[in-house]
Amino acid sequence: MHRRAGQLLADIRPNVQPRQPSPIVTPIKNNDSKGFIRRPRKLPPSELAAAAKLTDKLVRVAAGTKFTPKRPWKHTQTLRGDEMRLLDMVKPKPPMTETQAVFANDVEDAGLGVGPEDASSGSNIEVGTLVEIRKGSIYAHGIVLGHSYVNGRMWHLSLISTGELVQHVESDVYIEVPRMTDRDLALRAGIGITPVDRTETNARVEILKYLREAEKEINKAFMVIGRKNAMLYPHVRAKNPDEWASVSLSEAAKLVCDYRPESWSTLVATHKYIMGRPIEFVPHMQSQRLALTYDVRPENHVVKLQRVVDMVRKRSPELEAFIAKARGLILTAREKATESWDEPPSRVVVKDITFSPDDRTILDVLHLALRRTRNTSVDPFSGVVTSIIKRIGLHAHKMVDDVCLRQFLIEMGEMAPWEDIVTQRKELNLDLTPVEESQHVKDQDALVKRSLSLLRSSRAKAKQPLGPEDFYDRDPVEHLRHDFGSLPVYVIDDVNAEELDDGLSVEPVLHEPGSAWIHVHIADPTAVLPPTHAISEAARRMSSSAYFIHRTWPMLPPSLTHDRLSLCSHSRKGEPEPVLTFSFKLDAEGNIVDYDVKAGLIRNAKRVDYDSVDRLLGNGGVQFGYPFEAPQTPGVSHVPVLETKDVENMRLIDNLTRRFRQRSRQTLNPFVFSAPTATLVAAAKPIHGAPTTPAWNGSYYRGFPDLTYQVYSQKTMERGSRLFVAECMKTASRVASRWFTAKGVPMLRRSARPPITLEDNGDIERLVARMDEDGFVDHTEFLQTKLHIPSVEYVLQPGIHWSMGIPEGEGYVRVTSPLRRYNDLVAHWQIKDALLRPKASTRLFTPGWLTTYATEVLAYEKLWKHSDQSHRMQWTLMYIKRFLDHPNPSSDRIDPLQSLSAYITEPSRMRDLLTNQFSCYIPSLGLPATIITPRTTDIPVGQYVNVKVKEIQVGLKALFVLELCGGA
């Protein structure tokens with residue numbers, strides 16, 4: 001008897017009628033054999049029903065149709081029979097199976113690509129690779145057959161073991177084994193949903209054979225791991241029970257398996273083992289496939305979750321007491337929120353409600369449940385969250401998801417209504433404590449003071465190696481600095497800018513009418529900060545400063561930046577400013593005819609804001625959109641009175657950069673497409689949320705921060721002073737690349753190749769014909785073309801940057817923001833090394849180090865970019881939701897939601913059996929959204945439709961859901 005059937009028989013035996021005496025068995029002769037068979041006597045009618053039920057269940061067990069679907073009834077193993085079954089699997093199926101529909105759905109955390117550098121990354125998963133893909137509760141192994149570029153995204157097409165061809169994105173791939181099948185065989189299989197001829201059919205059958213054998217090897221390795229019965233979590237968790245840890249796949253394989261832990265099958269089986277333990281392990285958030293690293297939950301998180309699970313299962317008195325407190329707090333919070341709607345934000349502590357340790361454990365687990373994770377098969381928190389919130393009974397009309405959980409925590413006083421979820425993401429590693437209370441900030445300030453106090457004065461000590469707390473005791477290139485004397489340097493930035501990186505100066509060339517030198521002076525933190533310093537290491541881990549609506553996290557300590565590194569910090573003390581200057585000479589036609597890079601000193605820095613410069617030049621400046629209120633008048637900062645010569649200098653810079661911009665566009669003639677973007681401007685920053693330490697008393701929140709909704713676009717921003725400052729920064733980066741090339745010094749260049757036509761070779765020509773004088777084309781026109789925009793990459797060669805008009809052989813090196821980008825610091829250190837050791841054969845940063853670092857730069861850029869998009873989407877939708885939910889709106893308020901128009905950005909996708917969904921963009925609000933329509937609705941990409949708000953969801957991911965009003 002099958003072993004599972006035997007166990008099932010034992011489980012259901014009580015349902016059988018009382019046992020009767022054993023039947024009399026008579027041995028009879030079997031005519032077909034030399035032995036005997038046993039024939040029981042006929043069962044009495046009273047046992048027939050139970051026997052039939054038992055027989056049915058035993059057959060189901062063996063066939064795998066109910067109890068063991070992953071180990072079904074085995075077919076007779078014959079070569080021809082197996083081939084016929086595989087052939088049947090690749091035959092045409094319904095238009096889209098459940099698995100295909102799940103993976104064809106939206107990309108996790110996908111944002112609307114609206115510019116040349118917003119394109120999805122190119123594929124680097126080879127054809128013929130074995131991949132494991134996961135989404136929701138579905139996962140499968142497959143062989144990659146090819147790639148396709150659809151609707152601005154790169155999709156991979158994989159043949160899975162059921163014979164289905166699944167279209168999925170790169171982020172769905174959790175692990176890969178390259179070259180599992182021959183590349184030519186995979187290419188012969190085609191990339192259609194069904195094979196189109198006998199060649200493709202036969203190729204897919206062969207691939208399925210490879211895939212079946214691979215899955216057998218994985219299952220064998222998984223059984224070896226199971227027999228060892230090793231416990232991985234106790235060996236890899238952090239020593240501190242409140243800290244996260246991480247473990248690589250190779251390390252985990254060695255701990256759970258002694259037999260060939262380095263083999264591909266063991267590694268995939270170990271991955272399967274880890275993914276089956278979501279309560280202990282979390283896959284890497286950004287690039288699981290590349291990192292092959294897993295986050296290990298803190299021990300206290302696991303213990304607390306298990307404790308709350310026990311409370312829920314046993315319906316413990318502690319849980320009932322928490323539920324009673326929660327009901328009272330939630331009702332109070334709702335009442336206070338309504339009466340204080342237009343008040344400034346505040347938090348009120350309810351002193352007569354005290355949380356017990358068990359209450360605190362429950363709240364901690366609910367907080368942990370609101371952490372963003374990959375969309376894996378099992379969420380260990382979902383069961384307890386649903387049970388607790390449903391039993392409280394005040395959210396009965398809502399589905400318990402992350403949106404409901406966020407609202408619950410707000411009404412419990414555990415989160416502020418304006419709480420920012422994105423900046424709480426573990427992978428960002430931001431210190432959420434207010435600056436005045438932050439131990440991290442105090443430690444940084446203390447480090448700066450110690451490093452300044454340790455500055456060494458003797459040359460003998462200067463020859464000793466620098467320690468992690470040692471600044472340079474003297475400027476390394478002091479003897480090389482060019483003194484620009486009294487030449488005016490204009491530091492132009494926003495009124496509230498804190499990190500002042502750059503300044504501009506101009507020198508007309510005598511006896512060459514129309515020619516002039518423009519000097520881009522960049523703040524020089526490397527005059528003080530070596531790459532070995534602890535502050536430099538921390539800057540590398542952060543990669544860049546983080547600018548969010550409610551708060552800014554600087555890359556370098558403000559106590560160092562504001563007092564010593566930022567431009568104008570020395571001028572305030574009457575001291576010269578050390579800078580790294582990138583100079584270029586423009587002729588009357590707008591050509592760069594000469595350039596130079598040097599360490600410099602400036603003595604006449606003048607700070608002025610963009611709007612003041614625009615008023616002085618009379619060029620209008622930037623006009624923001626204010627959809628929810630009347631346009632605002634830009635603030636005017638208190639700036640020094642500029643002399644007539646200063647105005648003439650800035651007008652000369654403006655004219656020179658316009659001429660150069662037009663000349664550069666003639667080289668590659670790139671087009672730019674961008675959609676309006678929404679942001680919020682806070683009247684006061686920072687805006688803090690709930691306390692970062694556990695609260696032992698109940699609380700509720702009143703009011704909301706004062707925010708202004710703005711809409712802008714690249715086209716509206718590239719005007720006036722902002723345009724010529726941006727052009728000077730881009731040109732300085734071009735100069736840096738030329739200089740590195742001329743000196744033979746290795747450095748990373750930011751490169752972007754031109755668009756690739758996928759169907760019609762005339763698409764690019766048509767867009768070029770429709771672009772305006774500044775190179776902009778309408779976003780809807782771009783969406784109607786079939787173009788692939790290659791992703792940005794970092795290379796050592798001076799590659800093309802098509803969207804900026806930079807040709808092959810020139811290159812683009814970021815050097816203009818060393819106070820807020822670590823990559824720029826690396827370039828500055830490399831320049832200094834070349835200035836000090838011009839004939840050296842090796843450099844401070846070698847090509848090998850830079851190539852490795854390039855991967856790190858791209859990963860961080862992607863992380864911060866996606867986080868910024870999610871953050872702004874969350875805040876803008878919070879603003880709109882409060883606008884809609886206002887209990888007493890004024891009768892004369894401006895309401896842009898009454899007449900919304902959106903254009904379609906992607907073809908429809910099936911949402912459920914009755915509805916489709918279209919991705920769209922609302923230019924008046926500067927937001928992407930989703931339109932829900934009946935299944936029969938068909939709207940072409942790029943077409944405008946009238947819409948109205950259906951739902952706004954603000955949870956781990958913010959969603960703007962619309963419906964049609966008035967037809968397409």
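This is a predicted model: local features need pLDDT of at least 70, side-chain atom pairs count only at pLDDT 80 or more; totals for chains, interfaces and linings use all residues.

Trainee: How many helices and strands does the protein have?

Mentor: Helices (H or I, at least four residues) and strands (E, at least two) are DSSP runs, numbered from the N terminus. The protein has 27 helices and 35 strands.

Trainee: What share of the residues counts as buried?

Mentor: Buried means under 20% relative accessible area, exposed over 50%, and partly exposed in between, with a 1.4 Å probe and protein chains only. Of the 968 residues, 49% count as buried.

Trainee: Are Cys568 and Cys728 buried or exposed?

Mentor: Cys568 counts as buried because its relative accessibility is 9%. Cys728 is at 0%, so it counts as buried too.

Trainee: How many disulfides are found?

Mentor: A disulfide is a pair of cysteine sulfur atoms within 2.5 Å. A search of the whole structure gives zero.

Trainee: How is the packing of two helices described?

Mentor: By the angle between their axes and the distance between the axes. Axes are lines fitted to C-alpha atoms, for helices over the stretch in contact, and angles run from 0 to 180 degrees between N-to-C directions. Helix α26 (residues 822–836) packs on helix α27 (residues 847–885) at about 160°, with the axes 11 Å apart. The pair is therefore roughly antiparallel; that label applies over 145 degrees, with under 35 roughly parallel, 65 to 115 roughly perpendicular and the rest oblique.

Trainee: Which residues of α26 and α27 meet?

Mentor: Contact means heavy atoms within 4.5 Å. Tyr822, Asn823, Val826 and Gln830 in α26 meet Trp849, Leu850, Tyr853 and Val857 in α27. These contact residues divide into six nonpolar, two polar and no charged. Here Ala, Val, Leu, Ile, Met, Phe, Trp, Tyr, Cys and Pro count as nonpolar, Asp, Glu, Lys and Arg as charged, and the others, Gly among them, as polar.

Trainee: At what angle do α11 and α13 pack?

Mentor: Helix α11 (residues 299–314) and helix α13 (residues 357–369) pack at about 110°, with axes 9 Å apart. That angle makes α11 roughly perpendicular to α13. Their contact residues divide into six nonpolar, two polar and four charged.

Technical notes
Residues are numbered from 1 along each chain as its sequence is written. Side-chain values use heavy atoms; hydrogens and water are left out.
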